Amino acid sequence: MSVMKKYSYILVVLAAAFFASCEKTLDLEYDNASDAIMVVEGNVSNDGIYVYVNGLSNVTDSVNSKGLADAIVTVSGSDGYEEQLEFGEGRYFSPTNAKGVSGVTYTLHVKRGNNECYAKSTMPELTPIDSVEFKWMPIFADVNIFMLYVYLTDNPDSTNYYFYNVSRDGKTVEFHCAPDEGLSDEYNSFYIGLNSEKSWKENEKEKQKLHGLEKSNRLYSGNKFEVALRTVDYNTYRYFSSGDFNGNGVNPTTNLVGNNCVGYFSAYAVDKRTMVMPEYEEALKMQ
């Protein structure tokens with residue numbers, strides 16, 4: 001079976017957020033929720049099986065949540081796998097450290113009190129990351145931007161859907177969902193930071209001036225990036241592409257069926273790569 005190589009690139013730009021506030025006393029009337037709504041995030045992958053179950057609290061409750069520990073969560077597969085998950089560290093996990101298998105259809109069932117929901121998801125074949133690399137890309141005149149390229153091997157005989165998650169030093173800085181026809185340098189680009197030669201010099205000077213206190217909207221030599229490429233099914237793609245994740249300002253389309261339940265269930269195959277921002281002098285040699 002032939003394969004077609006495509007690539008996407010990640011241009012590193014983090015926008016700074018500015019907030020203005022004012023104070024005014026308001027008298028409000030509200031109703032507390034009679035039943036907590038379950039917020040479910042179910043994941044089955046070649047990395048493992050874990051499910052988060054949280055609740056939408058009453059407005060008088062604390063917003064902090066460590067997960068609902070009193071739900072009954074089970075996952076079963078068309079290959080005969082079936083297991084009730086255990087709760088620990090804020091999530092439900094497989095007590096046997098089971099992992100997802102491509103081609104298997106998994107069913108998630110969550111029950112808590114009178115609330116109950118389920119969903120199905122088939123784990124696709126893994127689309128591997130061939131490689132990742134930093135490269136300079138000319139923009140105009142003598143301005144070059146330092147970018148992180150991700151090279152993929154995509155099967156042209158099937159329609160695949162991808163979900164990228166990019167973290168810097170352990171913190172997610174960008175995620176993006178795209179069908180495989182978008183895997184080209186013209187279409188499938190998303191921005192998680194920026195380093196031109198000029199801004200790089202300014203960043204490093206500022207870092208020294210601030211004695212190592214780094215601003216979140218700047219990149220520095222030594223920053224560690226992890227790119228996780230998930231090959232997901234259509235329902236997962238629809239969930240992440242339909243909601244406010246992409247700035248559409250609407251609720252995502254859940255694949256969960258039941259009462260008082262929102263969220264998603266996704267069986268996916270994931271491949272990961274890490275890269276470290278090089279020192280400035282080393283990066284200049286890459287032009």
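The questions and answers below concern this predicted model.

Visitor: How many helices and strands are there in the chain?
Guide: The chain has 287 residues, and buried residues make up 42% of them. Among contacts between residues at least 6 apart in sequence, 64% join residues at least 24 apart. As for its elements, the chain contains 3 helices and 17 strands.

Visitor: Which element gives the largest share of the largest nonpolar core?
Guide: The largest nonpolar core has 26 residues, and Val40, Val53, Val73, Tyr106 and Val110 touch the most other members. Elements that give two or more residues to this core include strand S2 (37-45), strand S3 (48-56) and strand S17 (261-276). The largest share, 4 residues, comes from S17.

Visitor: How many residues are in the other core that lies apart from it?
Guide: Among the members of that other core are Val132, Trp136, Tyr164 and Phe225. The number of residues in this core is 16.

Visitor: How far apart in space are Glu41 and Val53, C-alpha to C-alpha?
Guide: Glu41 lies in strand S2. Leaving out residues up to four places away in sequence, Glu41 touches Tyr50, Val51, Tyr52 and Tyr264, while Val53 touches residues including Met38, Val39 and Val73. Glu41 and Val53 are 12 residues apart in sequence, and their C-alpha to C-alpha distance in space is 6.6 Å.

Visitor: Which side chain of opposite charge is nearest to Arg230?
Guide: Arg230 has its place in strand S15 (residues 224-232). Not counting residues up to four places away in sequence, Arg230 touches several residues, among them Asn43, Tyr50 and Tyr161. Arg230 is buried and has no salt bridge. At a distance of 7.8 Å, the nearest side chain of opposite charge is that of Glu41.

Visitor: Is Glu41 buried, partly exposed or exposed?
Guide: A residue is buried under 20% relative accessible area and exposed over 50%, with partly exposed in between. The relative accessibility of Glu41 is 30%, so Glu41 counts as partly exposed.

Visitor: How many residues apart in sequence are the parts that Asp70 and Arg112 tie together?
Guide: A search of the whole structure finds 4 salt bridges. In one of them the side chains of Asp70 and Arg112 meet at 2.6 Å, N to O. Asp70 lies in the loop between S3 and S4, whereas Arg112 lies in strand S8, so the separation in sequence of the parts they tie together is 42 residues.

Visitor: What kind of aromatic pair do the rings of Tyr239 and Phe240 form?
Guide: A pair of aromatic rings is described by the distance of the centres and the angle of the planes. The count comes to 9 aromatic pairs. For Tyr239 and Phe240, the ring centres are 5.1 Å apart and the planes are at 90°, so the pair is edge-to-face.

Notes. Residues are numbered from 1 along each chain as its sequence is written. This is a predicted model: local features need pLDDT of at least 70, side-chain atom pairs count only at pLDDT 80 or more; totals for chains, interfaces and linings use all residues. Side-chain values use heavy atoms; hydrogens and water are left out. A nonpolar core is a set of buried Ala, Val, Leu, Ile, Met, Phe, Trp, Tyr and Cys residues joined through side-chain atoms within 4.5 Å. Buried means under 20% relative accessible area, exposed over 50%, partly exposed in between (1.4 Å probe, protein chains only). Contact means heavy atoms within 4.5 Å. Lys and Arg count as positive and Asp and Glu as negative; His and the chain ends are not counted. Rings of Phe, Tyr and Trp (its six-membered ring) pair if their centres lie within 6.5 Å; planes under 30 degrees apart count as stacked, over 60 as edge-to-face and the rest as tilted.
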